[in-house]
Amino acid sequence: MSGIPEELIERVRDAADIVEIIGEFVELKRTGSDYRGPCPFHSGKHRNLAVIPKKQIFYCFVCHEGGDVFTFFMKHLGMEYPAAVREVARRVGITIPDRPTGGPDPREPLFSAVSVAADWYVRRLCEADDAKAARAYLESRGIEPEKFGPLGLGYAPRGNEFLDAMETLGVERTVLEEAGLLTRREDGSVRSRFWNRLLFPIRDLRGRTVGFGGRVLGDGEPKYLNSPESPIFQKRKLLYNLDAAKHSIRKANSVVVVEGYFDVLRLVEVSIENVVAPLGTAFTEEQAQLIKRYCQDVIILYDSDTAGLRATFRVADELLGAGLRVSIATLPVGEDPDTLAASGGAAAIKVLLDDGIDVLERKLQLLERKGWFGTLSGRRRALDRLVPTIRAAADPVTQDLYIDRTADALGVSVESVRREASGRRSMSARKQPRGPEAESQFSERESSKRIPECDLLRVMLHAPEWRARIGESISDFGELHQPEGDLMVLVMAAEEATPLTDLLVQVDGAARIVLANVIEVGLGEQNVDAIVAGALSLLESRRLEAKKRAVSRRITVAAEDEKVKLLEEKVALNRESRKHNTREWNVIRRGGKSGEG
């Protein structure tokens, strides 16, 4: 161990200007966004050493030495890691208190072995004849040869050359095996774990390579193979590219999560640098907590096919559980971040990121497109799909907003959604006997949503002469809250002289309880004309609000030219909504005499 707190090391690294520090030893000249100079590690005379300030790293295209500002001091001046950190701290004016180091880190041989292997794999990719297929594959993906080294990409060949090279370099096989670079066969012999694979380096937050993700070249299974778990590599606690992206993530206070290594590389290439990816496995709670150290907002940019959507919502639930704010960016069908960035550049990706919508809104959008909101059974199934996201939200404000939004979208009570999300029924519901009557009890909030339907039903029952007018005024009884809507259809079909008790025997469960209550309440002396007008106005207002919400959801994913038309439609709907003033109807319901005289 260095004996220096990790957060202090991060402060030193953040404060260091790698161009200025390396520039004290090497004459650097600006080339585009990078700086170039002769490499001090192989006494080069040409400008083969690149210093890349936005990544805070250096790399030589000839001898392939590279690393961060601490690595430079270690390799150039022969310092141990703690001394390098202290030297950089001195130069940037940060004081590191002296205290016992606590002894050497027992994992240091593993870090060293993986670092040596990473350098060998990089050289193999850049120089060896047997890596031609790997180089061709990378070039076919749009990654140019001069980028292989700075990205740390490598090639693991077939055969025993890796083992022989490590033995020549003095790395013991027992260490290589513990680091996950060798695998032991049943007969006790060992071989390289990675065999004819393109290798992506997986680094910890300090930028140390701790493992690899290997993509097979040609036929072979599995397509991707990670390093196994080891004392320095726990994939549930690591994210690809987080070591390089963390500064950009902090600056933007947001991170883009993609699925694959190539997605990351392509987005970084087009200057979207606050991007990370899991290591080809399920997203974990530890990875969510890692992200939370650097930002609050997360945009998930996964494929839009069925498998991609399933993975998207699994990742979203883990992120919500960490108290993060989660949005979903929707890719065009058939595209992934890699291909879209390659064809459309940063602009194409930024449009998607800017148009990202909250994870719950995305679920609602998909369920609405499937037509699930049009039937009772569909709404029931939709709630089942939405509940996991509601439950996942650790932030109580977010959870409340999700509950309200779900209740509003499905036309059910907030209390019902909250009970579903908490996995329990209310105390009053538990006291009721099971059966239709138990399921028919409505909360006060739910009943208030049904008031216009109940008022119209009252009028239809107690003033039969109004039935035809009410029936003509409602275009779709299926859009009404149930069971009131079905009861209104039943009453419409009945003869005016039919005794109300005869209607009761035709229904059961929730419908019977609602009908009995409406029969018992009666009309009293209220202004029937005002009741009907107010109820119909409220239903129309409710329909317009639902239409506005649908337009708003379409706006979030619409192209720019379509957005203008949708905004105009929303303005027209707002104007129409203002015409439906239900104040007089509310006065009548409270027992007033508005409308007289």
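This briefing covers the nonpolar cores and the cavities of the structure above. The model is predicted: local features need pLDDT of at least 70, side-chain atom pairs count only at pLDDT 80 or more, and totals for chains, interfaces and linings use all residues. Residues are numbered from 1 along each chain as its sequence is written, and side-chain values use heavy atoms, with hydrogens and water left out.

**Nonpolar cores**

- A nonpolar core is a set of buried Ala, Val, Leu, Ile, Met, Phe, Trp, Tyr and Cys residues joined through side-chain atoms within 4.5 Å. Buried means under 20% relative accessible area (1.4 Å probe, protein chains only).
- The largest core has 67 residues, and Tyr121, Phe162, Leu267 and Leu301 touch the most other members.
- Helix H5 (residues 108–127) supplies the largest share of this core, 9 residues. Helices are DSSP runs (H or I, at least four residues), numbered from the N terminus.
- Another core, of 50 residues, lies apart from it and includes Val298, Ala311, Phe313 and Val326.

**Cavities**

- A cavity is a set of points on a 1 Å grid over the protein atoms alone, where a 1.4 Å probe fits but cannot get out; lining residues have an atom within 4 Å of a point.
- The structure holds 2 cavities of 30 Å³ or more. Volume is the space filled by probe spheres set on the points.
- The largest cavity holds about 60 Å³. Its lining includes Lys54, Lys55, Asn241 and Glu273.
- Helix H10 (residues 242–252) gives the largest share of that lining, 3 residues.
- The second largest cavity has about 30 Å³. Among its lining residues are Tyr302, Asp303, Ala329 and Arg362.

Definitions and conventions: Helices (H or I, at least four residues) and strands (E, at least two) are DSSP runs, numbered from the N terminus. On a 1 Å grid over the protein atoms alone, a cavity is a set of points where a 1.4 Å probe fits but cannot get out, and a pocket is an open set with protein on both sides within 12 Å along at least five of seven lines; lining residues have an atom within 4 Å of a point.
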